[in-house]
Amino acid sequence: MASSQAGAKENNSSLMIQATSLGSPERSFFMAQILIRVLATAFTLAAISVMLTSTQSAMVFGYNFVVHYSDISAMRFLVGADIVACIFSVLSLLCVFLLSRSGSDLKNIFFLFLHDMVVMVLLISGCAAAIAIGYVSKYGEEKAGWMAVCENVPKFCSRVLVSIVLSVLAFVCFMTLAIMSSSKLMSRPIE
């Protein structure tokens, strides 16, 4: 009976050691980093795809005109920001994958933090520019004499809105990554 209890304790302790090594905080950190970076890549790719395909023609005052994202500088800036964020997200995904295999170094986590902050600021600036122009397009600006145009091209405005929302979700991913990296940096003792 005593030997069976000792064997059960030994099995339990070996299971706990395996569970601890599989669910270690270091591994969880890198798995979360990889997952969130994959999400950020997916959001930026989807935002780029939706924006690039947003076009609509309309007849206004007897004239047929076609509106495309490239006609609006703020939308071009958002697409550029999404492209840069997507490329850097893929590159950082590869770096995080390599870091997860070799172990984390405080310096490497700091560089990830800086990377995520730069991409986050780039994305939010692109989103802010596009949201400002989108608002004026939707509601106009009476005092400046600018008309609302979304009633003439609702499909275009809807697609632009979807692209902006996807870009904001990518921003949230990078903000989450920056918060994770900064908390990891703060929890480590200074060497």
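**A tour from the disulfide to the cores**

Start with the link between cysteine 150 and cysteine 157: it is left-handed, with -90 degrees about the S-S bond. The model is predicted. The sulfur atoms of cysteine 150 and cysteine 157 sit 2.0 Å apart. This is the one disulfide in the structure. Both of its cysteines are buried.

Next, select two other cysteines. Is cysteine 127 buried or exposed? Cysteine 127 has 1% relative accessibility, which is under 20%, so it counts as buried. Cysteine 95 has a relative accessible area of 42%, between the 20% and 50% cut-offs, so it is partly exposed.

Now colour the transmembrane regions. An unreviewed UniProt entry places them at residues 34-54, 74-99, 111-136 and 156-180. Select residues 74-99: the span is 100% helix, and its end C-alpha atoms lie 36 Å apart. Move to residues 111-136. That span is also 100% helix, with 38 Å between its end C-alpha atoms.

Go inside. The largest nonpolar core has 22 residues, and Leu123 and Phe174 touch the most other members. At least two core residues come from each of α2 (25-52), α3 (73-102), α4 (106-139) and α5 (154-187). Which helix gives the most to this core? It is α5, with eight residues.

Centre on phenylalanine 174. Beyond its neighbours within four places in sequence, it contacts Arg37, Ala40, Ala85, Ser89, His115, Asp116, Val119, Met120 and Leu123.

Last stop: another core lies apart from the largest one and has 17 residues. Select Ala74, Cys150, Val153 and Val160, which are among them. Cys150 brings you back to the disulfide, where its partner is cysteine 157.

Terms used:
Residues are numbered from 1 along each chain as its sequence is written. This is a predicted model: local features need pLDDT of at least 70, side-chain atom pairs count only at pLDDT 80 or more; totals for chains, interfaces and linings use all residues. Side-chain values use heavy atoms; hydrogens and water are left out. UniProt positions are given in the numbering used here, feature names are shortened, and annotations may be inferred rather than shown by experiment. Helices (H or I, at least four residues) and strands (E, at least two) are DSSP runs, numbered from the N terminus. A disulfide is a pair of cysteine sulfur atoms within 2.5 Å. Buried means under 20% relative accessible area, exposed over 50%, partly exposed in between (1.4 Å probe, protein chains only). A nonpolar core is a set of buried Ala, Val, Leu, Ile, Met, Phe, Trp, Tyr and Cys residues joined through side-chain atoms within 4.5 Å. Contact means heavy atoms within 4.5 Å.
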